[in-house]
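Please examine the sequence and the model shown here. The report describes how the secondary-structure elements are arranged.

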Amino acid sequence: MNNVESCSSNPVATEDAISVHDFSEKILEQVVHFHVMKMKGGFFLWVGTTPNLSNLAVAMSSKYDATPLSTLVLGDPSDTTPNSLSQRLARKTKKQVFVSYSLPTTEANLTLLVENRIKKEMEQFPEKF
């Protein structure tokens with residue numbers, strides 16, 4: 001996908017722009033796609049194999065608790081994966097984080113490998129998150 005970032009030399013315009021970053025990885029014999037939309041003060045992360053928004057969680061840091069606050073906005077409340085991932089990413093980045101995780105939760109290793117891949121991408125391209 002194309003980057004939707006402003007081409008202006010004005011730092012305020014660039015800071016307020018939404019930028020898009022996509023990457024994919026073959027994990028446990030399936031291609032997992034990652035879509036990041038960076039916004040001012042946070043980012044949206046979608047993880048999946050097919051274009052499907054089946055859930056959405058949001059998390060943000062709080063000055064009153066070390067654990068970021070999180071809530072499920074859309075989806076099955078029994079699936080805690082998007083909430084947990086959004087909390088860990090919010091703790092790591094100190095930003096508001098929206099997460100949609102559209103992968104089967106039957107494979108415990110998959111979630112760990114996906115999270116490690118996200119962290120690797122964050123280390124390589126911190127400006128995209």
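The structure is a predicted model. Its 6 strands form an open sheet with mixed pairing, in the order S1-S2-S3-S6-S4-S5. Strand S1 (19–27) and strand S5 (65–74) lie at the edges, each pairing on one side only. On average, neighbouring strands of the sheet are turned by 20° against each other, direction ignored.

S1 and strand S2 (residues 30–39) run antiparallel and are joined by 9 bridges. Within this pairing, Glu 25 is opposite Val 32 in S2, and Val 20 is opposite Met 37 in S2. The two strands form a hairpin with 2 residues between them, and Leu 28 in the turn has a positive phi of about 50°.

S2 also runs antiparallel to S3, to which 7 bridges join it. Here His 35 is the residue opposite Trp 46 in S3. The hairpin of S2 and S3 likewise has 2 residues between the strands, and Gly 41 takes a positive phi near 85°. As a general point, side chains in a regular strand alternate between the two faces of the sheet.

## Helices packed on the sheet

## Contact between H2 and H3

H2 and H3 pack with their axes 12 Å apart, at an angle of about 30°. Because angles under 35 degrees count as roughly parallel, H2 is roughly parallel to H3. The crossing in which H2 passes H3 is right-handed.

On the H2 side, the contact is made by Thr 81, Leu 85, Arg 88, Leu 89, Lys 92 and Thr 93. H3 contributes Thr 111, Glu 115, Ile 118, Lys 119 and Met 122. The residues of this contact divide into 4 nonpolar, 3 polar and 4 charged.

## Thr 111

Thr 111 is located in helix H3. Residues up to four places away in sequence aside, Thr 111 touches Thr 81 and Tyr 101. With Tyr 101 there is a polar contact between the two side chains, at 3.3 Å. Thr 81, the other residue touched, is among the H2 residues that make the contact with H3.

Terms used:
Residues numbered from 1 in each chain as written. Predicted model: local features only at pLDDT ≥ 70, side-chain atom pairs only at ≥ 80, totals over all residues. Heavy atoms only, no water. Pairing = 2+ DSSP bridges. Helix = DSSP H or I, 4+ residues; strand = E, 2+ residues; numbered from the N terminus. Axes fitted to C-alpha atoms, helices over the stretch in contact; angles between N-to-C directions. Polar contact = N/O pair within 3.5 Å; in protein donor to acceptor, adjacent residues only side chain to side chain. Contact = heavy atoms within 4.5 Å. Parallel < 35°, antiparallel > 145°, perpendicular 65-115°, else oblique. Left-handed = near helix turned anticlockwise from the far one by under 90°. Nonpolar A, V, L, I, M, F, W, Y, C, P; charged D, E, K, R; others polar.
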